Amino acid sequence: MTQFPIDGFTSSLWYATAVDAPDTEALTESIQADVVIIGAGITGLNAAIELAQNQVNVVVLDAGVIAGGASGRNGGQVNLGLNKGPDGLIEHYGEASATPLIHAICRTPDTVFDRIRQFGINCDAEQNGWIQGAVSLRGLDAMRAQADEYARYGLSIEELSKAEVDRQSGSSQFVGGVFVKQSGSIQPLSYTRELARVAIEAGVSIYTHSLVETLRQLANHNGWIVSTALASVTANHVLVCTNGYTDDTVSGLAKKVVPVRSIQVATEPLSEELQAKILPNRSTVVDKRRMILYGRYDRDNRLTMGDRGPMRDQFCEDDFADVKKRAIALYPELSEVRWDYHWGGRVAITKDYLPFLFEPARHLHVGMGYNGRGVGMGTMMGMAMAARVLNLGPDKAFMPETSPDEFIFHALHEIGAEVVIRWEMLMDRIDSMRG
Ligand SMILES: Cc1cc2nc3c(=O)[nH]c(=O)nc-3n(C[C@H](O)[C@H](O)[C@H](O)COP(=O)(O)OP(=O)(O)OC[C@H]3O[C@@H](n4cnc5c(N)ncnc54)[C@H](O)[C@@H]3O)c2cc1C
């Protein structure tokens, strides 16, 4: 059982059940590399693997441990899509830039599961599909419209009637929904630790407890010196993959993301009777309101549910009252079960609710801002960042380069996020009353 207060990482179900991390140490002597990557999470490690497989000499630096950011704490849902559907992406980026991105989005879950097989990654992967449940007819129409948009790119998303969503989700709270069969779930800490193992086997050097304090561009503009308190790495390219844990090491970058918190709870292993009722096909589920609630089983049949969290990194018992209440509203049977694990971490929100890839200075590449969708998109972004360094074409370097906006009065946005959350909860209640 969880002892509060908690740090949100070591208290997690994933920490209790993950494969071991490879042994790593801090950087203590100054070295050279072709590419240095800041952040040993899903994004940075996927980029590292791609580069190393192309004979690039890569060093990864992390301030903490492997997967100590969101990658080791998340819900492990390998989902499809961003906050905008294909039409919205075309409107946002223009057709030429959006098209490779939409195709990449369509192949995201399959890419993650293919990599898991290809690299022999041991992370309890299950590709049993994703149920999106709508709580209002308006929400259902929007889901169906987006499914039609994806169909134009050859991706079929199944529409679920009220009876079908009731049966597949095990909840009577939805008016209908859609089912994405390509999606699924992983043990996220195992996935990321295993990515680190694969990267090391491919020749990557990973240094932990190595906070990057400064970046200095070489006089010829062909590279960078990336320094920690003890040593430095000189490299031609720098990849910044710090997402919700971004600080101001790259000047002005922290203002381009607001870190909001998401929290998770996990039940005791559920009885066979409850498993037959709740998510009987072991799909993942999202209660698709403005304030989403998401859930799935782990390998031991514990149900995990996730929700928004408070605007701080250390959590107390009261922080988890709402997510349990919402989980029980969805599944009243859970009122009788024990909640064994509580944890949480930072989700990076961007001004346009879309991830960004940009190069603020020559050979300094920044990829982040998944708005809660970084298991699949972080994998894809890492691959796209590597493709950019390798000068591959738009199919592989599919992420459009943008110039992300800053949040003006950034500190106030953290407070603003609380206000927005309350407002959206109210709108959700009104929507579900309207039906
Ligand atoms: C509770 C929760 C639930 C979530 N659920 C899902 C889900 O089910 N599905 C989904 O798709 N997404 C989910 N997400 C989002 C997803 O986890 C993230 O988008 C993804 O893990 C981001 O990976 P990353 O590698 O970019 O960043 P991270 O994993 O956050 O890694 C960033 C790393 O950068 C390091 N760092 C920062 N600054 C420095 C520095 N100066 N020097 C050195 N290192 C530095 C940090 O130590 C950290 O390890 C969830 C997130 C949370 C918090």
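This is a predicted model: local features need pLDDT of at least 70, side-chain atom pairs count only at pLDDT 80 or more; totals for chains, interfaces and linings use all residues.
A residue is called buried here if 20 or more other C-beta atoms lie within 10 Å of its own, and exposed if 12 or fewer do.

In H6, the buried residues are Gly-139, Leu-140, Met-143 and Tyr-150. Viewed down the helix axis, these buried residues fall within an arc of 100°, so they line one face of H6. An α-helix has 3.6 residues a turn, so residues three or four places apart point the same way. On the face turned away from the buried side, H6 carries the exposed residues Asp-141 and Ala-145.

Helix H2 (42-53) is mostly covered, with eleven of its twelve residues buried. Among them are Ile-42, Leu-45, Ala-48, Glu-50 and Leu-51. The cover over these buried residues includes strands S1 (31-38), S2 (58-61), S11 (232-240) and S18 (364-368), together with helices H8 (188-201) and H11. At 1.5 Å a residue, H2 should span 16 Å; the end C-alpha atoms are 17 Å apart, which agrees. Just after the helix, Gln-55 adopts a positive phi of about 60°.

The largest nonpolar core holds 125 residues, of which Ala-48 and Val-58 touch the most other members. H11 provides the largest share of this core, ten residues. Beyond its neighbours within four places in sequence, Val-58 is in contact with residues including Ala-33, Val-35, Ile-37, Ala-48, Leu-51 and Val-204.

Attention now turns to the ligand. Of the 45 residues around the ligand, those that come nearest are Gly-41, Gly-69, Asn-74, Gly-75 and Gly-374. At least two residues of the shell come from each of H2, strand S12 (258-269), strand S16 (339-349) and helix H11 (374-389).

Finally, Arg-73 is found in the loop between S2 and strand S3 (77-78). Leaving out residues up to four places away in sequence, Arg-73 touches Gly-8, Phe-9, Ser-12, Trp-14, Trp-343, Gly-344 and Gly-345. Arg-73 and Leu-364, 291 residues apart in sequence, are separated by 27 Å from C-alpha to C-alpha.

How values were computed
Residues are numbered from 1 along each chain as its sequence is written. Helices (H or I, at least four residues) and strands (E, at least two) are DSSP runs, numbered from the N terminus. The arc is that of the directions from the helix axis to the C-beta atoms. A residue is near a molecule or strand if its C-beta atom, placed from the backbone, lies within 6 Å of it. The expected span of a helix is 1.5 Å times one less than its number of residues. Two residues are in contact if their C-beta atoms, placed from the backbone, lie within 7 Å. A nonpolar core is a set of buried Ala, Val, Leu, Ile, Met, Phe, Trp, Tyr and Cys residues joined through C-beta atoms within 7 Å.
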